[in-house]
Each structure stands twice: as C-alpha cells, then as structure tokens.
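Hi,

Here is the structure I promised to pass on to you. Have a look at it first, and then read on for my notes.

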Amino acid sequence: MLDQFPAIIVAAPLIASAICAIVRHERTCWLIALLVSFLCFFGSASMLGQIQDYGTISYQMGGWAPPAGIEYRVDLLAIYLLILVSFIATAVLVYGRQSVSAEIKDGIRGWYYTMYLLCLCGLMGIIITGDAFNAFVFMEISSLSMYTLIALGKDRRALAAAYQYLILGTIGATMYVIGIGLLYTITGTLNLVDLGERLPPLLDTSAAIAGMAFIVVGLSLKIALFPLHLWLPNAYAFAPTVTTAFIAATATKVSIYLLIRYLYSVFGFAFSVEQTPIPELVLVLSVLAIFAGSLTAIFQENVKRMLAYSSVAQIGYITLGIAIANATGLTGSLVHIFNHAVMKGALFMLIGGIALQIGTVRISDMAGLGKQMPLTMFGFVLGGFSLLGVPGTVGFVSKWYLAVGALENGWWWLVVLLMLSSLLVLVYMGRVIEVAFFRERPVGAPVLKDPPKAMIITSWVFILACIYLGFDTSFTVGVAEQAVSVLVGER
Amino acid sequence: MEGFNEFAFVLGGVNHWITIFLIMAGFYIIVSRSNMIKKLVGLSIFQTSVYLLYVSPGKIIGGTAPIIVEGNPEQLYSNPLPHVLILTAIVVGVATLALGLALVVRINEAYGSIEEDEIYGEDWD
C-alpha cells in the first residue's frame with residue numbers, strides 16, 4: 001500500500017470524481033470528497049519521512065521504466081507542495097459544506113464536488129509527475145475544472161470572469177506546450193530529469209532559448225505574475241467562496257512550483273540565473289507586482305477583490321525569491337508559498353463566513369461587525385497582521401528570509417522597498433478593520449452572529465496556524481531549506 | 001549556392017512557417033475581436049498550431065507505422081510518440097472549446113450579449 005501512494009494520491013481523486021458524478025447526492029458527494037482529500041493528505045504526509053530518510057521516491061507508472069515510461073517523482077520540493085495542496089483541500093471541504101449550500105444552486109452541488117475533486121487530481125498530478133507533457137495534461141485537468149468551479153458562482157459576473165480566465169489560461173498552457181515541443185524536438189525526451197541531463201550542451205541553440213521563453217511566459221500567465229495577472233482579481237472576487245479559498249491557496253502556487261522546477265532543475269541554476277536575463281526581469285516584475293497589487297487593493301470596495309489584488313502582490317513576494325536567486329532568497333520564496341496559502345486561505349474563509357451572514361462582501365456593509373461577529377473579525381485582524389508581517393506571525397518569517405537573501409546580494413534598497421510595501425498592506429487591511437470595529441452598525445440593520453461552528457473552527461485552525469508557524473518553523477523552513485539545497489546544489 | 005540555401009530555408013521549413021502563421025493568426029484573433037465566439041475560434045487556431053509543431057518532426061519520408069516485420073529488422077518507421085501526444089492535446093483542445101462555448105451560452109442567457117465590450121462595461125466595478 002505504502003509503495004503505491006504516489007499513484008493513489010492522483011488516481012483516488014480522479015476515480016472519486018467519477019463516482020461523485022454518478023451519485024450526485026449533495027451530502028454523499030461531500031463526504032466522498034472529504035474522505036478522498038484526507039486520504040491524499042495522509043498519503044503525502046506519510047511519504048515525507050520516507051523521503052527525508054531515504055531520498056527521492058521514483059514511481060514507475062505501469063511498471064515502464066523512465067525515460068520511456070511516465071515517472072512519478074516525489075522529492076522534497078514535491079512533497080512539500082503535495083502536503084500543502086492536500087491539506088488545504090481537506091480543510092476547505094471541512095469548512096465549506098454550509099458555504100456551498102448557500103452559494104451554489106440546488107441540484108448542481110454534487111457536480112460542484114465532482115469538479116473540486118478533478119481540480120485536486122490535476123494539482124496533485126502537476127506536482128508529482130516527472131514528465132513534461134503529463135504536467136501539461138494535468139495542468140489542463142486542473143484548469144478546466146477550475147473554470148467550472150469559478151463559473152458556478154451566484155453572480156453573473158462569475159461567468160464572464162471564468163471566460164476571461166479560460167482564454168488567458170489556455171493561452172498560457174498552449175505556450176507551455178509549445179515550449180515543451182521545442183525542447184522535445186532537440187532532445188527527444190519528455191522526462192524532466194532526462195531533459196535536465198540532455199539540455200546543457202544544447203543551451204546555446206535558438207530552439208532551447210525559444211523553448212525556455214515560451215515555458216517561462218506560459219507559466220507566468222498561470223502564476224498571474226504582474227502584468228499577466230488580469231484574470232485573477234475577477235476570478236477570485238466572483239467565484240464561490242469555497243472555490244476562492246481553495247484556488248487562491250493552491251493553483252498559483254503549483255504553477256510557481258513548476259516554474260522553479262524548470263528554471264533550477266531542467267535548465268539548471270547556472271544557466272537560468274547567470275546566462276539569461278530572467279532574474280532581472282522577474283525582479284522588476286515582482287517589485288511592480290507588489291506595489292501595483294497593494295495600491296490597487298487599497299481602492300477596492302469588494303473585500304474579496306481586495307484580497308485578490310493582495311494575492312497579486314503576495315505572488316510578487318514569492319517570485320522575488322526566484323529573482324534574488326540565492327539559497328536564502330529561494331528558501332524565503334518556498335516558505336512564503338506555504339505561508340501565503342495558510343493566511344489567504346484563512347482570510348478568504350472568514351470572508352466566506354461574513355458573506356454567508358450578511359449576503360454581501362462590500363466594505364461599506366461591514367460597519368459594526370466587530371461587535372456582532374467578534375470571532376470572525378478578530379480572526380480577520382490576526383490574518384491581517386500575518387499579511388503585514390508582524391513578528392510572531394508567518395508573514396514575518398518569509399519576509400525575513402527574503403530580506404536576508406536580498407542583503408546577501410547587497411540589495412539594501414530592496415529591503416527598504418519590502419518595508420514600504422508592508423505599509424500598503426496596513427492601509428488596505430486597516431480600512432476593513434476600521435469599518436468593522438470603529439463604526440456603528442446602521443440603525444435597523446439585522447442583528448448578526450458568527451457563522452456556523454464548522455466554518456469558524458476551520459478558519460481559526462488556519463489563523464492559529466499563521467501564528468504557530470510563525471514561531472515553530474521546523475516544518476516550513478526545515479523542509480524548504482533541504483529542498484533548496486537540492487535545487488541549488490544541482491548547478 | 002547562396003541563393004539555393006535561402007530557397008531551401010524558406011521551402012524546407014514550410015511546415016514551421018505554417019505553424020508560426022497559425023500561432024500569430026490565432027493570437028491576433030484572440031486579441032483583436034471582442035465577440036466571444038470569434039475569440040474561441042482564435043483560441044482553437046492558436047491551439048491547432050501546436051499540433052503541427054509536434055507532428056511535423058515526427059514524419060520521416062518513407063517511414064511506416066512502427067510495427068516490427070519479421071525478416072526486416074532495419075525497417076524505417078516514424079516515431080509514434082508525437083502523434084500520441086497530439087492525440088491527447090486534441091482531446092484537451094476539444095474539452096476547452098466545449099467548456100468555452102458552454103460558458104458563452106450561459107453568458108448570453110445572463111447578459112443577452114456576447115460582445116465583451118458590452119459585458120465588461122455593464123456591471124463591472
């Protein structure tokens with residue numbers, strides 16, 4: 001059983017989604033989805049120890065040896081992401097039953113869980129596969145199900161947002177597959193490890209460079225790296241809350257993982273960092289993303305949209321680590337992948353609770369909520385602190401690593417910019433907190449209370465994780481440092 | 001000799017020229033049209049270019065299907081892998097187009113229009 005986990009964590013959600021599509025009974029589907037997500041989480045977590053002790057697991061799909069067969073390759077970086085994605089998937093499901101009932105029309109809720117499982121299958125597949133084309137197929141499985149998950153939102157703008165995402169997402173995926181095609185024609189292999197071995201002597205050919213350019217641009221679209229982020233704010237803002245909490249915490253992170261894989265393992269650290277302008281380009285775009293994202297967030301009236309723009313900025317922090325391109329910066333980047341997933345997951349979950357109780361997510365409708373929904377709003381404040389990077393929260397840990405990494409490069413001005421950008425977070429999170437705590441609830445407005453227990457408890461598990469992981473970094477930083485030493489050591 | 005090389009470059013890579021033309025044509029349609037169905041047509045052309053990119057290097061003149069025939073171990077055959085990959089990519093393309101069209105149908109029901117200018121202008125704050 002244990003040997004088969006690499007296959008099971010991808011196949012189980014796929015099979016379960018087919019079962020859900022047949023059953024279509026809301027509660028049963030929810031239960032199936034929850035059990036399968038937990039199985040994935042359990043499987044991923046149980047592989048962690050094995051990898052730390054004995055090294056990378058290579059699973060041969062169907063018994064065909066790589067590079068001819070498809071290889072599932074679980075190394076430290078992959079397991080780190082697998083644990084993150086499966087954990088978020090499980091937690092969001094525990095949280096989401098009431099929210100799905102409230103936001104999705106009756107009769108299609110079974111389908112909703114079907115799509116959720118398909119999306120999980122795709123995301124797990126992208127992380128675990130060691131085959132470039134297989135990654136494309138999983139990318140499209142996750143994306144197509146994600147478009148559906150977004151389009152099922154109540155608001156009609158969800159449809160238009162999903163359409164926009166479909167067009168841009170498909171352009172990104174197609175560019176990725178063009179890049180793979182160019183690399184395949186010069187190397188004759190699709191296995192990522194094999195590609196990494198055969199590419200170095202060919203790296204000065206125009207086909208390799210064009211392939212790299214296509215892959216980087218395609219993945220940047222999926223990551224929503226500024227200025228390719230246009231699909232993200234609307235998709236996050238108008239999707240059902242459960243969708244937003246799930247994809248905000250996982251989808252872009254998985255694409256970043258794939259980008260790191262290509263830059264450091266396939267093309268090699270030495271080539272990507274020292275011989276291409278990619279670090280400089282990513283540096284400029286990341287800084288622009290941080291400031292443009294945060295500044296736009298300040299002017300949003302819709303809280304979900306505000307948090308979506310904040311995600312654009314936070315993605316900037318993650319890619320900043322790729323641009324800093326030393327071990328400390330990259331560790332900061334990986335740690336922030338995890339930390340951002342936890343804090344954004346928490347914030348979107350809390351907003352989902354508010355949406356369930358008051359029916360809107362506009363800041364002006366949230367006046368006086370601090371008194372009536374104390375647990376929710378207090379959690380929101382703590383989540384805001386994490387986003388800000390107050391010492392003792394997760395946000396501080398990752399920004400610390402990024403700042404130290406920048407100083408190792410002698411980029412003191414970047415540290416100044418990092419601090420300035422935190423002030424912007426204070427402004428946009430402060431707006432919500434000011435309205436909720438320091439304004440009176442309008443006279444005649446219905447009296448509200450905190451959302452149902454399951455929602456509050458799961459949100460608070462995430463909020464407490466924000467604080468716990470800010471003090472005990474042995475998992476996040478520990479695994480990230482080990483993974484980075486492998487990535488950078490491969491030069 | 002010089003002229004011949006250029007001639008070979010232009011004509012020998014004719015499949016690549018067509019690929020590049022399809023990529024650019026598809027991309028241009030996506031960017032320039034505001035009608036959602038036309039955009040999807042552009043997207044399809046964009047994706048189709050990839051099929052040609054993959055399949056054309058897999059073709060060997062005189063090559064047959066990769067089946068071992070007894071008594072002829074050195075038979076010339078085409079690599080089947082690019083074709084198989086593209087079979088998968090075609091399925092992905094069909095699924096994307098189907099989902100895109102389904103979304104456009106729903107958008108038309110909700111907005112009464114499939115022109116992007118009108119839809120995003122309407123209630124997009």
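**Chain B and its fold**

In chain B, 48% of the contacts with a separation of 6 or more are between residues 24 or more positions apart. Please keep in mind that this is a predicted model. The mean pLDDT of chain B is 86, with 94% of its residues at 70 or more. For the complex, the predictor gives an ipTM of 0.91 and a pTM of 0.92.

Chain B has five helices and zero strands, in the order α-α-α-α-α along the sequence. Its radius of gyration is 21 Å, well over the 14 Å that the globule rule gives for 125 residues, so chain B is more spread out than a compact globule. The C-alpha trace of chain B spans about 70 × 45 × 20 Å along its principal axes. As for burial, 22% of the 125 residues of chain B count as buried.

**Where the chains meet**

The contact takes 23 residues from chain A and 29 residues from chain B. On the chain B side, the elements that give two or more residues are α3 (36-55), α4 (81-111) and α5 (116-122). Of these, α4(B) gives the most, with 14 residues. By class, the side of chain B that touches chain A has 21 nonpolar residues, along with four polar and four charged ones.

**Helices of chain A**

At 1.5 Å a residue, its 20 residues should span 28 Å, and the end C-alpha atoms are 29 Å apart, which agrees. Of the 20 residues of α4(A), 19 are buried, so this helix is largely enclosed by the rest of the structure.

There is also a helix pair to look at. Helices α3 (residues 76-103) and α20 (residues 476-489) of chain A pack at an angle of about 145°, and their axes are 8 Å apart. From α3(A), the contact is made by A:L76, A:L77 and A:Y80, while α20(A) brings A:V479, A:A480, A:Q482, A:A483, A:V486 and A:L487. Eight of the residues in this contact are nonpolar, one is polar and none is charged.

Further along, A:S265 sits in helix α10 (residues 241-266) of chain A. A:S265 and A:T205 are 60 residues apart in sequence, and their C-alpha atoms are 19 Å apart in space.

**Backbone details in chain A**

Most residues other than glycine have a negative phi, and most peptide bonds are trans. With that in mind, here are the places I would point you to.

- The peptide bond from A:F226 to A:P227 is cis, with omega near 0°. A:P227 is found in the loop between α8 (206-223) and α9 (231-238) of chain A.
- A:A224, in the loop between α8 and α9 of chain A, has a positive phi, near 70°, and is a residue other than glycine. With 29 other C-beta atoms within 10 Å, A:A224 is buried.
- A:A325 lies in the loop between α13 (303-324) and α14 (327-358) of chain A. Its phi is positive, about 55°, although A:A325 is not a glycine. A:A325 is buried too, with 22 other C-beta atoms within 10 Å.

Best wishes

Terms used:
Residues are numbered from 1 along each chain as its sequence is written. Chains are lettered from A and ligands numbered from 1 in the order in which they are written. This is a predicted model: local features need pLDDT of at least 70, side-chain atom pairs count only at pLDDT 80 or more; totals for chains, interfaces and linings use all residues. Two residues are in contact if their C-beta atoms, placed from the backbone, lie within 7 Å. Helices (H or I, at least four residues) and strands (E, at least two) are DSSP runs, numbered from the N terminus. Ala, Val, Leu, Ile, Met, Phe, Trp, Tyr, Cys and Pro count as nonpolar, Asp, Glu, Lys and Arg as charged, and the others, Gly among them, as polar. pLDDT is the predictor's confidence in each residue, from 0 to 100. The expected span of a helix is 1.5 Å times one less than its number of residues. A residue is buried if 20 or more other C-beta atoms lie within 10 Å of its own, exposed if 12 or fewer, and partly exposed in between; C-beta atoms are placed from the backbone. The radius of gyration is taken over C-alpha atoms; the globule rule is 2.2 Å times the number of residues to the power 0.38. Axes are lines fitted to C-alpha atoms, for helices over the stretch in contact, and angles run from 0 to 180 degrees between N-to-C directions.
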